[in-house]
Amino acid sequence: MTSQGIGRSAAVALACGLAGAATAQTARPAAPVTVDSETISGLGARNIGSAAMSGRVAAVAAVHEGSRLTVYVGAASGGVWKSVNGGTTFKPVFDKQAVQSIGAVTVDPRNPKVIWVGTGEAWTRNSASIGDGVYKSVDGGENWTNVGLQGSERIARILVDPTESNTVYACVPGKLWSDGDERGVYRTTDGGKTWAQVLKGANASTGCSMISMDPGNT
């Protein structure tokens, strides 16, 4: 055999040896992966979503102010949002309040700067948040005052008498998981200073889920 033949044989043998080594290395079983408290001890918890599913919109009210359309949106647990350009952009106007769950939003038909908000999502379910009564703004949502029904837990609808701004009705379904006396329909005739129950359910579990008004016969 010539030296050239020996060289070729050695080259083939070397290539086979490298291939065999690579195969053996690839076939080596991987070490088991252990995940325990030590593995994640340096990681901090962070919020990656809303546990209350606040994406639900509970109420919408709109009013023309001159040539522009002002829109108020109440979120299930995301407060009140205001748009002054017909819904193109929004800004939050309820962030400073104690609760963020909204059930009703109403604009006074005689004064677009007076806004009424009923807190507490009215869609009763296991993920619904609660409120603490009725809020009123007299400056288009810049400032808010809690004007009563703090124990209602949730309010489904608010109606303002179109002929008398101080007369307002609140529809109260009441507490979700227990009986309560603060259910039914409430009325104020002094702009929210005092409230009177004008319709009561048959028992402590019955409240108001919806109310409407005939604007021609108030």
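Reader: What does the side chain of Glu142 make a polar contact with?
Author: The side chain of Lys91, at 3.3 Å. A polar contact here is a pair of N or O atoms within 3.5 Å; within protein, one must be able to donate a hydrogen and the other to accept it, and residues adjacent in sequence count only if both atoms are side-chain atoms.

Reader: And where do these numbers come from?
Author: This is a predicted model, in which local features need pLDDT of at least 70 and side-chain atom pairs count only at pLDDT 80 or more, while totals for chains, interfaces and linings use all residues. Residues are numbered from 1 along each chain as its sequence is written, and side-chain values use heavy atoms, with hydrogens and water left out.

Reader: Which residues does Glu142 touch?
Author: Lys91 and Ser137, not counting residues up to four places away in sequence. Contact means heavy atoms within 4.5 Å.

Reader: Where is Glu142 found?
Author: In the loop between strand E7 (134–137) and strand E8 (145–146). Strands (E, at least two residues) and helices (H or I, at least four) are DSSP runs, numbered from the N terminus.

Reader: Different topic. How do E1 and E2 pair?
Author: Strand E1 (residues 57–65) and strand E2 (residues 68–75) are antiparallel, over eight bridges. Two strands pair if DSSP finds at least two bridges between them. Val57 stands opposite Ala75 in E2.

Reader: How many residues lie between them?
Author: Two, and E1 and E2 form a hairpin. Gly66 in the turn has a positive phi of about 70 degrees.

Reader: Now the pocket. How much space lies in the largest one?
Author: About 350 Å³. A pocket is an open set of points on a 1 Å grid over the protein atoms alone, where a 1.4 Å probe fits, with protein on both sides within 12 Å along at least five of seven lines; lining residues have an atom within 4 Å of a point. The volume is the space filled by probe spheres set on the points, which are joined across faces, edges and corners.

Reader: Which residues lie nearest its centre?
Author: Val105, Thr106, Arg157, Ile158 and Leu159, out of 21 lining residues. The largest share of the lining, five residues, comes from E5.
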